[in-house]
Amino acid sequence: MTSQNVVVADRNSGINLAIAVHVTNSSIFTTAAQKPPAAPGGYISISRKKLLKNLEISGGARFNAWVDSMRASSPTHVKSTPSVNDDHSSWILHHPSALEMFEQIIDASKGKQIVMFLDYDGTLSPIVDDPDRAFMSKQMRATVRKLARFFPTAIVSGRCRDKVYNFVRLAELYYAGSHGMDIKGPAKGSKYKKGSEGVVFQAGSEFLPMIDEVHKELVEKTKTTPGAKVENNKFCLSVHYRCVDEKKWSGLAQVVKSVLKEYPKLRLTRGRKVLEIRPTIKWDKGKALEFLLESLGFANCTDVFPVYIGDDRTDEDAFKVLRERGQGFGILVSKFPKDTSASYSLQEPTQASIQ
């Protein structure tokens, strides 16, 4: 196990946070402020357009290709070959380590208000077989609590907002659940509320009855797939296949497809060993990031420095927003090279603590 110290500077308080990052194989988190989105050399594109086209599953070759993309987005082991190693080295050149680039990050954030956006699963908590047991450590909670003292801090997750809050249990944070469709500001303890009772926003409330209906259908129809778990995240659904035999992934995807045929107002996407079902409205984690910046009074500010840390495909919407704004940066947490709009990377799951 290795240890590395990271310092995050706050322009208002003059206080430095020293974060000791201990690399393990169980959970993910680093807190760093990085340089703006223009990472050295830009970023490489491992085009996913063809994969995205397959989200509308129609059987045959297209369906098989879509299932293949499920495997590609959910690797079960790292292959160590010269070709793979070369690809990884090339990827790292374009998405350097957030820790190694820390001095440049500090320089870029000087004189600006840092705003932290954090995914939950795989970022604040380990990826686990049972999604109901994705608990964050006490050490991690202390880290996030200290961050929130110095910077506006939001948790942006695909999970139901109430469930994420029950995991984190910090009332001073902003919470954006259901991929940003359900947002609520701090209940107490935040100096960034600007005198209000906290932000409250819900997109797609009209879809709630439909989501509940589809949830019941999927629970019933996935009973024959051992290991499958359907999670109701209020404004969206997650079908977890982390504990499903890979030989049965195709059958599970076909079951989900057959249910969604009757619901054209819902769309299917995928994440890390999870199928996500969401309303077809134009709202995602990127939109949630923009909404929160506006709510905090930073919509048109040039001295704001948003930092988004996430590990999943759904976090790409937020990474793209930061690149388009030309402010702050995204950090992708992944030990596998991925097509990403993040400027920087962290390769290993980590456990953080405040010294």
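Start with Lys-285 and Asp-119. Their side chains form a salt bridge, with N to O at 3.4 Å. Keep in mind that this is a predicted model. Lys-285 belongs to helix α9. Asp-119 sits in the loop between β3 (113-118) and α5 (138-150).

Buried or exposed, what is Lys-285? Buried, at 2% relative accessibility. Asp-119 is buried too, with a relative accessible area of 4%. The cut-off for buried is under 20%.

Next pair. Asp-121 bridges to Arg-159. The closest N and O atoms are 2.9 Å apart. Asp-121 is in the loop between β3 and α5. Arg-159 is in the loop between β4 (153-156) and α6 (161-168). Here the pair ties together parts 38 residues apart in sequence. Asp-121 has 19% relative accessibility, so under the 20% cut-off it counts as buried. Arg-159 is buried, at 4%.

This pair belongs to a network. Which residues are linked in the network of salt bridges? Asp-121, Asp-132, Arg-159, Lys-163, Lys-229 and Glu-231.

Now a bridge with other accessibility values. Lys-110 and Asp-107 meet through their side chains, N to O at 3.5 Å. Lys-110 is exposed, at 56% relative accessible area. Asp-107 is partly exposed, at 47%. The count of salt bridges comes to 12.

Helix α9 covers residues 285-295, and α10 covers residues 316-325. They pack at an angle of about 55°, with axes 6 Å apart. That angle makes α9 oblique to α10.

What meets what at this contact? From α9 we have Lys-285, Gly-286, Leu-289, Glu-290 and Leu-293. From α10 we have Asp-317, Ala-318, Val-321, Leu-322 and Arg-325. By class, the contact residues divide into five nonpolar, one polar and four charged.

One last spot. Ile-92 lies in helix α3, residues 82-94. Ser-345 is 253 residues away along the chain. The C-alpha atoms of Ile-92 and Ser-345 are separated by 7.8 Å. Leaving aside residues up to four places away in sequence, Ile-92 touches Ser-345 and Gln-347.

That's it from me. Over to you.

Methods. Residues numbered from 1 in each chain as written. Predicted model: local features only at pLDDT ≥ 70, side-chain atom pairs only at ≥ 80, totals over all residues. Heavy atoms only, no water. Axes fitted to C-alpha atoms, helices over the stretch in contact; angles between N-to-C directions. Helix = DSSP H or I, 4+ residues; strand = E, 2+ residues; numbered from the N terminus. Parallel < 35°, antiparallel > 145°, perpendicular 65-115°, else oblique. Contact = heavy atoms within 4.5 Å. Nonpolar A, V, L, I, M, F, W, Y, C, P; charged D, E, K, R; others polar. Salt bridge = Lys/Arg side-chain N within 4 Å of Asp/Glu carboxyl O. Buried < 20%, exposed > 50% of the residue type's maximum accessible area, 1.4 Å probe, protein only.
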